[in-house]
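Subject: Structure for your review

Dear colleague,

Please find below the structure I am handing over to you. I would be grateful if you could read the notes that follow alongside it.

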Amino acid sequence: MWSPEPWTTDRVMEGDFLYLMPTYTRFPRVFVRGRGTVLFDLEGREYLDFVAGIAANILGHCHPVVVEALRRQAETLIHCSNLYYTLPQVELAGLLVRLAFGGRGKAFFCQSGAEAVEGAIKLARKYAYRRGRAGQPIVCFKNAFHGRTLGALAATGRYTEGFDPLPAGFVSCPFGELGPVEAELQGGAIAVLVEPIQGEGGVWVAGPEFLRGLRELCDRYGALLILDEVQTAMGRTGRMFAWEHWGAVPDILVLAKGLGGGFPIGCVLARSEVAEAFSPGDHGSTFGGNPLGAAVALAVVRFLLKEDLPRRAGEKGELLGSGLRELEARFPFIREVRGRGLMWGVELTGPARPLAFECLEEGLLVSVAAERVLRFLPPLTVEGEEITRALEVVERVFRRFSEKMSGGG
Ligand SMILES: *Cc1c(COP(=O)(O)O)cnc(C)c1O
């Protein structure tokens, strides 16, 4: 009979195998503690964390600002439902609406990215319905990722095998091409849902012409521009929101991952006229925007602003990006290096997982996107010296791999 104690990595993996649904391909490490950019495993080994909880831990692990906000709010009021008003939720909404829409917008809170995407889809549909355009589709893109719930999955258009029937009302266009989008909008599509930089799909940067073009097309055809910034917002790309680089203001903005600095919270923001398509009863969530989640997100966003972290993340990102580009010139199995700020992908000519595994063995955590892309998402608080160390590990792993490829071993 399996029993937990004393814990070892093997025993944890066995327990996971026995008692958890097999939805993840995990790396064989058990993490028990974190501090800043560093994680410690069950065996006491140290790792530089360039995954950061998949872009969630923007202040690193156990940042005092996060810990203190959680502790203080936990001692005050954790949860009491949306049947009543609470202070942190209103304060957080006000701050986010000021940042995204200069004060002329509204927020809805939930717990995750997929849920925020669902909220955005419902809002766009209700808005269209109120203007006599019910039943028309939303334009999405190839290689997109919007989450795993049924609506978000339908919008994603991948990982769908065995899950039919999916909600209808989504059409998929090539990422980066305006022509097919225009055709759909001419045909009556009510909205465009897009990531400014596709993350999970392999770190594909939309670029200024494409995003601005989408904004113009949406204006021309009376459609809503919904930006899924679950991964790119909160300073990740060098601005608070990635669209600020390109000036393509969204009608609806979807946030999650980094918003709570590692605590689960998601948010749908919309400019006021769009937000007012919702009436009481149209949408809701038991835990959404509860005092604990809202208080920690509020502390995180205030800290980002006070420390000018988005801009500094952009600067540190230059170091990471130029280091990776240098490797691109040296190793022929690197197809392309793409990214912005502290969000980088190294596309390889073959599977990336073996190399991510080698990095793990050398004490560096990186993730894999779209099978062939090594993805780097360090916390915004990462030190320049930690970026240098991470690049050294990657260089070493690539060099070894290159020697093996050329028949050395
Ligand atoms: C991760 C992600 C989601 C889904 O977020 P969850 O919190 O995992 O539901 C949605 N959109 C984008 C762009 C993401 O990166």
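The notes below cover the ligand, a pocket and a sheet.

Please bear in mind that this is a predicted model.

I begin with the ligand. The residues around the ligand are Ser112, Gly113, Ala114, Phe145, His146, Gly147, Glu195, Asp228, Val230, Gln231 and Lys257. By class, this shell comprises 3 nonpolar, 5 polar and 3 charged residues. A backbone N or O atom of Ala114 is 2.8 Å from an oxygen atom of the ligand. The ligand taken alone exposes 390 Å², of which the protein buries 81%.

The second largest pocket has a volume of about 770 Å³. It is lined by 25 residues, and those closest to its centre are Gln89, Ala107, Phe108, Phe278 and His283. Strand 4 (105–110) supplies at least two residues of this lining, as do helix 4 (87–101) and strand 12 (266–271); the largest share, 4 residues, comes from strand 4. The lining has 13 nonpolar, 9 polar and 3 charged residues.

Finally, there is an open sheet of 4 strands in the order 1-2-3-15, with mixed pairing. Strand 1 (31–35) and strand 15 (364–365) are at its edges and have a single partner strand each, so one side of each is left without a neighbour in the sheet. Strand 1 pairs with strand 2 (residues 38–41) in the antiparallel sense over 4 bridges, and Gly34 stands opposite Leu39 in strand 2.

With kind regards

Methods: Residues are numbered from 1 along each chain as its sequence is written. This is a predicted model: local features need pLDDT of at least 70, side-chain atom pairs count only at pLDDT 80 or more; totals for chains, interfaces and linings use all residues. Side-chain values use heavy atoms; hydrogens and water are left out. On a 1 Å grid over the protein atoms alone, a cavity is a set of points where a 1.4 Å probe fits but cannot get out, and a pocket is an open set with protein on both sides within 12 Å along at least five of seven lines; lining residues have an atom within 4 Å of a point. Grid points are joined across faces, edges and corners, and a volume is the space filled by probe spheres set on the points. Ala, Val, Leu, Ile, Met, Phe, Trp, Tyr, Cys and Pro count as nonpolar, Asp, Glu, Lys and Arg as charged, and the others, Gly among them, as polar. Two strands pair if DSSP finds at least two bridges between them. A residue is near a molecule or strand if one of its heavy atoms lies within 4 Å of it. A polar contact is a pair of N or O atoms within 3.5 Å; within protein, one must be able to donate a hydrogen and the other to accept it, and residues adjacent in sequence count only if both atoms are side-chain atoms. Accessible areas come from the Shrake-Rupley method with a 1.4 Å probe; for residues, only the protein chains shown count as cover.
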